[in-house]
Amino acid sequence: MKTYTDTLASELCECIAGGDSAREAAKKYDITEGAIRFWRRTKPDFATQYAHAVQDRADVFFERGNDIAFRIKSGEESQIARVQLDWLKWAACKMFPKAYGDKVTQEHSGPDGGPIQASVTVNFVKTGEKPV
């Protein structure tokens, strides 16, 4: 297995952020995909850098989808483009679901996403007096 270095990690993540798969990036740098998976599990900084690269790759896929969609000229091209767009959309959704996912949830929360604050006010009055 090739020795891990911060420079190698950055270069791998740059490839992935540019749209390459982990397999393509590994091949470019003559390492195995297993090495990338191993480093993701054992090197927290690399895992974070890799996660950001995958999110950037989802952005690249989104842009590729735009390019394909606006390049279609004929009916035959549209069938090929549909398959490409479906795959790019699916892949971007899996890589960065927060930005490209279809799941919609409704959540109740307080300010800045914190818990909802509840308060109860109790006023005590003497018998026979009107409450204020």
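How much accessible surface does the protein chain have, and what share of it belongs to carbon and sulfur atoms? I looked this up first, and the accessible surface of the protein chain comes to about 10,300 Å², with 52% of it belonging to carbon and sulfur atoms; the areas come from the Shrake-Rupley method with a 1.4 Å probe, and for residues only the protein chains shown count as cover.

**Ground rules.** I note that this is a predicted model, in which local features need pLDDT of at least 70 and side-chain atom pairs count only at pLDDT 80 or more, while totals for chains, interfaces and linings use all residues. Residues are numbered from 1 along each chain as its sequence is written, and side-chain values use heavy atoms, with hydrogens and water left out.

**Overall fold.** I went through the secondary structure of the protein chain and found six helices and zero strands, where helices (H or I, at least four residues) and strands (E, at least two) are DSSP runs numbered from the N terminus. The radius of gyration of the protein chain is 26 Å, well over the 14 Å that the globule rule gives for 132 residues, so the chain is more spread out than a compact globule. For that entry, the radius is taken over C-alpha atoms, and the globule rule is 2.2 Å times the number of residues to the power 0.38. I also noted that the C-alpha trace spans about 85 × 50 × 20 Å along its principal axes.

Of the 132 residues, 26% count as buried, where buried means under 20% relative accessible area, exposed over 50%, and partly exposed in between (1.4 Å probe, protein chains only). Among contacts (heavy atoms within 4.5 Å) between residues at least 6 apart in sequence, 56% join residues at least 24 apart.

**Charges.** I found 19 positive and 19 negative side chains in the protein chain, and the centres of the two sets lie 5 Å apart. Lys and Arg count as positive and Asp and Glu as negative, without His and the chain ends, and the place of a charge is NZ of Lys, CZ of Arg, CG of Asp or CD of Glu.

**Helix α3.** Which residues of helix α3 (residues 33-42) are buried? I list Ala35, Ile36 and Trp39. Seen down the axis of α3, these buried residues fall within an arc of 100°, so they line one face of the helix; the arc is that of the directions from the helix axis to the C-beta atoms. An α-helix has 3.6 residues a turn, so residues three or four places apart point the same way. The buried residues of α3 pack against α1 (6-17), α2 (22-28) and α4 (44-71).

**Two loop aspartates.** I looked up aspartate 20 in the loop between α1 and α2, and at 16% relative accessibility it counts as buried. Not counting residues up to four places away in sequence, aspartate 20 touches Cys15, Ala25, Lys28 and Arg57. Is aspartate 30 buried or exposed? Aspartate 30, in the loop between α2 and α3, counts as exposed at 66% relative accessibility, and I noted its positive phi of about 55° although it is not a glycine.

**Alanine 53.** This residue sits in helix α4 and is buried, with a relative accessible area of 4%. Alanine 53 and isoleucine 16 are 37 residues apart in sequence, yet their C-alpha atoms are 5.8 Å apart in space. Leaving out residues up to four places away in sequence, I find that alanine 53 touches Cys13, Ile16 and Ala17.

Leucine 88 has its place in helix α5 (residues 75-95) and is buried, with a relative accessible area of 9%. Its C-alpha atom is separated by 6.4 Å from that of glycine 65, 23 residues away along the chain. With residues up to four places away in sequence not counted, leucine 88 touches Phe61, Arg64, Gly65 and Ile68.

Cysteine 93 is also in helix α5 and is buried, at a relative accessible area of 18%. Not counting residues up to four places away in sequence, cysteine 93 touches Tyr100, Gly101 and Asp102.
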